[in-house]
Amino acid sequence: MATTEQTVHPDGRVELADPAVLADSAYANAELAPTRLPERTWTTYNYAALWMGMAHNIPSYLLASGLVAIGMNWLQAFLTITLGNLIVLVPLLLNSHAGTKYGIPFPVFARAFYGVRGANFPALLRAFIACGWFGIQTWIGGQAIYVIVGELFGKGWIEASAIGGHPWTLWLSFGFFWVLQMVLIFRGIEGLRRFENWAAPLVTVAFVALMVAILVKAGGFGPILSQPSKLGWDADFWKIFAPSLMGMIAFWATLSLNMPDFTRFGKGQRQQVWGQIIGLPTTMSFIALVSIITTSGTVVLYGSAIWDPVELTRRFENPVIVTIGLVMAILATMSCNVAANVVSPSYDFANALPRWLNFRTAGLLTGVIGIVIQPWRLISDPSIYIFVWLSFYGGLLASVAGVLIAGYWVIDRTNLNLADLYRPGGRYWYASGWNWRGVVATLLGSLLAVGGAYSNPGAGPFPADGLIPFLKPLYDYSWAVGLVVGFVAYLALTLTAPSRQSTATHAAPTY
């Protein structure tokens with residue numbers, strides 16, 4: 001391949017020497033093309049603020065409160081969440097590198113290992129999971145609006161006639177919040193960055209205020225921290241620790257794939273790495289601690305764990321406090337939802353139909369699918385939320401992460417050819433645009449990770465003995481199994497059956 005097609009700058013970042021080379025490509029549009037260097041402006045603060053905005057949200061709160069609700073004490077829940085976020089930070093940073101170096105989003109990055117066409121397989125898998133998350137977050141935001149209006153207009157709003165098991169006013173609130181987010185999406189990625197910068201600190205203040213209010217009512221930390229674990233530290237705890245840890249990791253398994261969608265705008269590797277180190281584990285540990293203390297306080301005050309902060313906020317008598325708290329909840333939800341659950345599928349859907357979809361129209365498609373998935377069912381119970389939703393998709397996406405890490409860091413040693421990521425017949429075309437090695441490795445990793453998916457009787461959709469009974473023990477470690485099998489399988493298949501393109505490339509490196 002001609003070395004003149006791309007320019008390597010002194011800091012290691014790469015861009016096309018002439019962007020016009022993509023003008024006639026059927027696999028490129030303005031959103032998918034590599035970001036030009038003058039447009040790579042995100043700083044350490046931007047990435048830290050992004051993570052603050054994404055992590056300080058109600059599903060993050062539910063992650064920690066859900067562990068308390070299923071029997072962990074404050075220390076067990078905090079350690080489980082903190083360990084999970086330190087683990088997921090590793091694949092997240094490894095996959096972020098390509099975005100900063102080449103200015104490419106996740107679906108284009110995936111073309112290097114799945115093929116220019118085959119990248120639609122992991123991209124659409126990621127996209128549909130994001131749609132589910134978008135729906136969950138939108139439902140939660142709609143609940144907050146429903147409660148706020150109820151505080152202003154009284155029981156007539158709260159006790160409206162039911163449609164589909166919920167008051168019609170809740171459906172109206174859900175629809176209004178959906179439209180509100182679509183407006184933000186249509187402002188584009190730069191509008192999102194500005195929104196994150198000011199929304200993130202406000203959300204932090206709101207969660208701390210809720211915790212302080214509960215502490216005052218409960219009589220301080222003493223009654224909360226003295227709450228015993230219902231599980232102890234013996235077999236009962238360790239039985240749910242592994243699947244709970246996999247759920248905590250899986251919570252950000254989506255971003256561990258598509259973080260290049262954001263790091264493509266970074267000023268350099270140092271900025272994105274430090275921004276994410278500062279932003280993810282510290283922020284998630286903080287929100288976990290706030291959630292755990294608050295939820296444990298509800299056990300002291302009300303006799304049972306109230307794991308939903310919207311429901312908890314309704315318990316306060318002062319309507320001003322309720323309204324302010326829920327407005328902050330709405331900001332938190334928008335901040336996370338648009339960044340974490342719309343940016344990625346917008347690129348992913350645009351990758352599948354680059355001539356028909358751009359960032360904004362693909363974002364609209366995400367919103368529509370997010371409704372069709374019926375998110376109110378996914379968020380109905382902490383066991384379903386953690387052990388069904390998180391554990392299952394975590395295993396699927398981990399196998400994709402294994403393929404990306406093996407291909408980028410071990411096989412290609414971070415060297416990609418930018419133009420060929422968009423070019424039929426180039427290095428990444430493989431066989432008719434598909435690299436069967438990446439697909440097989442992903443399918444194998446996914447099968448072993450979630451093939452044994454099971455649910456306790458009455459607590460989920462899977463059979464108690466597992467979908468494939470002999471794989472049931474692996475499901476408790478779904479994310480780890482998917483990552484390791486995807487990594488090893490892709491490595492083995494590529495080294496034992498290399499493609500002609502990769503052989504030629506390694507014989508004559510791009511640069």
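The accessible surface of the protein amounts to about 18,800 Å², and carbon and sulfur atoms account for 69% of that area; accessible areas come from the Shrake-Rupley method with a 1.4 Å probe, and for residues only the protein chains shown count as cover. Of the 511 residues, 61% are buried, where buried means under 20% relative accessible area (1.4 Å probe, protein chains only).

This is a predicted model, in which local features need pLDDT of at least 70, side-chain atom pairs count only at pLDDT 80 or more, and totals for chains, interfaces and linings use all residues. Residues are numbered from 1 along each chain as its sequence is written, and side-chain values use heavy atoms, with hydrogens and water left out.

The pLDDT, the predictor's confidence in each residue from 0 to 100, averages 81 over the protein, and 82% of the residues score at least 70. The secondary structure comprises 23 helices and 4 strands, taken as DSSP runs (helices H or I, at least four residues; strands E, at least two) numbered from the N terminus.

Where pLDDT is low, the predicted coordinates should not be read in detail.

Helix α5 (residues 120–153) is mostly covered, with 27 of its 34 residues buried. Just after α5, G154 adopts a positive phi of about 85°.

Key
Buried means under 20% relative accessible area, exposed over 50%, partly exposed in between (1.4 Å probe, protein chains only).
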